[in-house]
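Hi,

Here is the structure I said I'd pass on.

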Amino acid sequence: MYIIAGLGNPKPEYRNTRHNIGFDVIDVLADKYNIDVTTIKHKALTGKGIIEGNKCILVKPQTYMNLSGESLIDVCQYYKIDVETELIVIYDDIALDVGAIRVRKKGSAGGHNGMKSIIQNLSTENFMRIRMGVGEKPKGYDLADYVLGHFTNQERDLMDKASITATEAIKVIMSDGIDKAMGAYNKKNECTDNSTDRA
């Protein structure tokens with residue numbers, strides 16, 4: 001079984017913001033595989049389904065971003081999964097250009113508060129993740145204002161394509177493993193990664 005969690009903030013005013021791209025990817029997965037993600041459980045909206053022959057739980061934590069780990073620890077413990085091999089977290093990353101993605105099998109939070117919460121609650125950095133590039137914060141912008149801001153129409157088009165790419169990467173992770181997915185999807189984005197997290 002896989003737990004696939006997209007990070008974001010609840011409430012309509014946060015819809016389509018940079019910080020909610022994780023929710024957007026979950027929505028794409030839900031539509032593609034006909035999974036209803038409306039069950040309120042584990043401080044999250046959840047949905048059970050089958051993706052490429054694998055049992056999955058799609059998760060959209062409703063704790064607000066900074067407390068995402070409170071939801072995920074509850075989900076992971078309830079289903080007794082191995083977080084290193086059965087958890088995939090999707091979240092926004094300002095260290096990647098808009099529309100780029102990066103697949104990782106482990107790594108630090110890289111300054112992302114949602115990931116900090118998850119790592120703290122799970123007591124490990126060793127879980128799979130897909131980083132969704134939302135672009136570097138412009139000079140002079142407040143970081144919170146930037147990530148809670150909305151995409152331009154051009155950026156939205158790039159992010160919609162990236163969300164589809166992320167679902168394809170998830171399919172490869174399940175069918176061929178994380179290393180194969182990293183090899184297939186990270187090379188395309190190598191020049192756009194401005195972070196120091198190479199795990």
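Below is what turned up, starting with the aromatic rings and ending with a pocket. Keep in mind that this is a predicted model.

Let's begin with the rings. There are three aromatic pairs in the structure. One of them is Tyr14 with Tyr64, an edge-to-face pair with 6.2 Å from centre to centre and 85° between the planes. This pair ties together distant parts of the chain, since its partners are 50 residues apart. Tyr14 sits in the loop between strand 1 (2–6) and helix 1 (21–32), while Tyr64 belongs to the loop between strand 4 (54–61) and helix 2 (68–79). Tyr64 counts as partly exposed because its relative accessibility is 33%, which falls between the 20% and 50% cut-offs.

Tyr141 and Tyr146 make another edge-to-face pair, at 6.3 Å centre to centre and 90° between the planes. Are these two buried or exposed? Tyr146 has 5% relative accessibility, so it counts as buried, whereas Tyr141, at 48%, counts as partly exposed.

The charged end of Arg129 is over the ring of Phe127, 4.4 Å from its centre. Lys60 lies over the face of Phe23, at 5.2 Å from the ring centre.

Phe23 and Lys60 come up again in the second largest pocket: along with Asn9, Arg15 and Asn20, they lie nearest its centre. That pocket has a volume of about 180 Å³ and a lining of 13 residues. By type, the lining has five charged, four polar and four nonpolar residues. Helix 1 supplies the largest share of it, three residues.

Cheers

Methods
Residues are numbered from 1 along each chain as its sequence is written. This is a predicted model: local features need pLDDT of at least 70, side-chain atom pairs count only at pLDDT 80 or more; totals for chains, interfaces and linings use all residues. Side-chain values use heavy atoms; hydrogens and water are left out. Rings of Phe, Tyr and Trp (its six-membered ring) pair if their centres lie within 6.5 Å; planes under 30 degrees apart count as stacked, over 60 as edge-to-face and the rest as tilted. Helices (H or I, at least four residues) and strands (E, at least two) are DSSP runs, numbered from the N terminus. Buried means under 20% relative accessible area, exposed over 50%, partly exposed in between (1.4 Å probe, protein chains only). A charge sits over a ring if NZ of Lys or CZ of Arg is within 6 Å of the ring centre and within 35 degrees of the ring normal. On a 1 Å grid over the protein atoms alone, a cavity is a set of points where a 1.4 Å probe fits but cannot get out, and a pocket is an open set with protein on both sides within 12 Å along at least five of seven lines; lining residues have an atom within 4 Å of a point. Grid points are joined across faces, edges and corners, and a volume is the space filled by probe spheres set on the points. Ala, Val, Leu, Ile, Met, Phe, Trp, Tyr, Cys and Pro count as nonpolar, Asp, Glu, Lys and Arg as charged, and the others, Gly among them, as polar.
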